[in-house]
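Look at the sequence and the model below. The paragraphs that follow take pairs of packed helices one after another and then turn to the ligand.

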Amino acid sequence: MNDEIVGIDLGTTFSLAAYVRNGKAQVVKDTSGNSLIPSIISIHADGSVFVGTEAQRHCLTDPVHTIFSIKRLIGRTLKDLEKDLPFIPYQIQEKTRDDGRTVLTVKIGDKDFTPEEVSAIILGEVRRLAGNPTKAVITVPAYFDDSQRQATRDAGKIAGLDVLRIINEPTAAALAYGLDRKRNGTIVVYDLGGGTFDCSVLSIADGVFKVLSTNGDTHLGGDDFDHAIIRHVLDDKLNIKTKLDARSIAALKLEAEKTKRNLSSNDQATFNLDSLPTLGTTPLEITRENFEHKIIPLIERTLACCKKALKDASIKTTSVDEIVLVGGSSRVPLVQKMVQDFFGKKPLTSINPDEAVAIGAAVQGEILSGKRKNLLLLDVIPLSLGIETLGGAISKLIHRNTTIPAIATERFSTGVDNQTGIVFNIYQGERELAKDCKNLGKFTLSGFPPMPAQMPQVDVSFIIDANGILTVSAKEIRSGVEASVKVQPASGLSKEEIENIVLDSIEHASEDFKQRMLIELRTKAGIDLNHARRILSNSMLPLSENDKSNINTAIATVESAVLQQEPGIIKTVLDEFQTVLTPYASMAMDAAAKMYLSNQNPEQLNDLGK
Ligand code: ADP
Ligand code: MG
């Protein structure tokens, strides 16, 4: 059994794997020496499935059975994709199921596939080439939201991988260069891939790694460079004005890509018309100068994104310490030159830009395996998370760019008398109204005793784990009724569906279970700690200095226990904490009840215990 941890860059256009072996990072190569697997699959009526280069060949002959750029769809809903729809050539549809969850599917022939399943087929091929590892670190763009991260993780599960960690692509690239070893600094990661451009500003302060801002363009990349060459061939060289059929366009695209790659290392390259006999027979010579002239405006657009990212992070170009070039299109010499001119500094290019992310994921795998020490890797969440309150407004609990893991708690109450439950709608986004944000799911806390409006005190906690995945829990303080859910995105595959697809996941069960226990226990610890702190600051309680010191010691013990990786240790400490806390908690309950019975103004009661 291969129990090494593999790092996987699941890209929009190319995917690849890497390992760190004996302290040295290396990408996985196939028998012809290629590390990059095109993120393309084709599925046929007879059930045959092709992945990667094989599938790419089928693009030409059988476009309707070929799917590419599935990463644009993963974890999204039709509504999210409104702007992308004109760019998606295949048939997609959304189904709403009985439980209200929606699932997006892609039609291939007469079969429907979810983006998770398509991604799992690609991951399966990456995994096979990598020698069938069972544990992986997978990268996602820094701006990926909760649903997109969860769906990526689900795709990994379907492919038989235990996804130990999801990390941000720019962070991975910085790790690949060992920039985590710097004490302090600002890093810009410039990632120009096949169809997307991302610029991220990272900071390192005393070994803590943080994404300060991201900006980019989801429809700008190497594909546009290919189109620039196609336009040059059709308009300037062949003067062809007629509309071409799908097959010819696909053949032109393949040839343009080949020419573009050649132009990265040569001043001139040949554009062959062998597969396009109707357009001509003599091969065409394309110069680098011609190509560069066409792509200047495209590169300028990437630099405009960089400018915005720097502005959001309040960083001047002059204070950037390192620029990391990522993505296959960063191999274009003019891209490197224009980036260098923009920042006034030579970017790092010693690692192949299309391999840096996978290598960084492998480095993260090495860190997780405990072979590399003294490192704290922190990312930030890309979008704010909150709860819908009365009137459809959003109360944000965790703001965007908060470092993860993170926890936040806020107190809510009821609006009407004798309410015994509250439904919380969880949202993600920057706007103030729920209707403008993305609904991540619903959460109900029920079964607390009827009380006057405003009397119940419900503490809602949001916990984001190191993967950026959200767990929400709520507790009614007076009655102790509590509930907790790992937020299931309102779209994508249900837990059962994934479990049905996963055939060989049983061997990972114990590690998965442990991780879940840890999340749950840390959630509980967060709630209990808050509770204890509120007791300490409650001026209505007759607490002696001795009581206060007891509580403070217990708080410190829990705070250090939650950092442990062993659920058993955390559980024991939490149980002890409960024992210490119980007499004070009932003291607080009594005080609240006394106030209530003496018929105080409920508004005032609501402030009790804060
Ligand atoms: P992803 O978009 O999946 O992150 P990559 O980072 O591998 O993918 O970028 C793929 C893009 O890089 C493609 O458009 C490909 O044509 C382009 N590319 C790869 N090698 C070169 C090269 N030598 N010169 C120019 N472009 C290249
Ligand atoms: Mg990429």
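Predicted model: local features only at pLDDT ≥ 70, side-chain atom pairs only at ≥ 80, totals over all residues.

To compare two helices, a line is fitted to the C-alpha atoms of each over the stretch in contact, and the angle between the N-to-C directions runs from 0 to 180 degrees.

Begin with helix α7, residues 288-312, and helix α8, residues 333-343: they pack at an angle of about 40°, and their axes are 9 Å apart. That angle makes α7 oblique to α8. The crossing of these two helices, α7 and α8, is right-handed. Which residues of α7 and α8 meet? On the α7 side they are R288, E292, I295, I296, I299, E300, L303, C306, K307 and L310. On the α8 side they are P333, L334, V335, M338, V339, F342 and F343. Sorted by class, this contact of α7 with α8 has 13 nonpolar residues and 4 charged ones, with no polar residues.

Next, find helix α4, residues 169-176, and helix α9, residues 356-368. Their axes come within 7 Å and cross at roughly 80°. Angles of 65 to 115 degrees count as roughly perpendicular. The helices α4 and α9 are therefore roughly perpendicular to each other. From α4, the residues E169, A172, A173, L175 and A176 take part in the contact. From α9 come A356, V357, I359, G360, A361, V363, Q364 and I367. In the contact of α4 with α9 there are 10 nonpolar, 2 polar and 1 charged residues.

The residues Q56, C59 and L60 of α1 make the contact with R247, A250, A251 and L254 of α6. By class, the contact of α1 with α6 divides into 5 nonpolar, 1 polar and 1 charged.

Now turn to ligand 1. How many residues are around ligand 1, and which come nearest? There are 17, and T13, G194, E257, K260 and S264 come nearest. In the side chain of T13, an N or O atom is 2.7 Å from an oxygen atom of the ligand. The backbone also takes part: a polar backbone atom of T12 is 3.1 Å from an oxygen atom of ligand 1, and a backbone N or O atom of F14 lies 2.9 Å from an oxygen atom of ligand 1.

How values were computed:
Residues numbered from 1 in each chain as written. Chains lettered and ligands numbered in written order. Heavy atoms only, no water. Helix = DSSP H or I, 4+ residues; strand = E, 2+ residues; numbered from the N terminus. Parallel < 35°, antiparallel > 145°, perpendicular 65-115°, else oblique. Left-handed = near helix turned anticlockwise from the far one by under 90°. Contact = heavy atoms within 4.5 Å. Nonpolar A, V, L, I, M, F, W, Y, C, P; charged D, E, K, R; others polar. Near = heavy atom within 4 Å. Polar contact = N/O pair within 3.5 Å; in protein donor to acceptor, adjacent residues only side chain to side chain.
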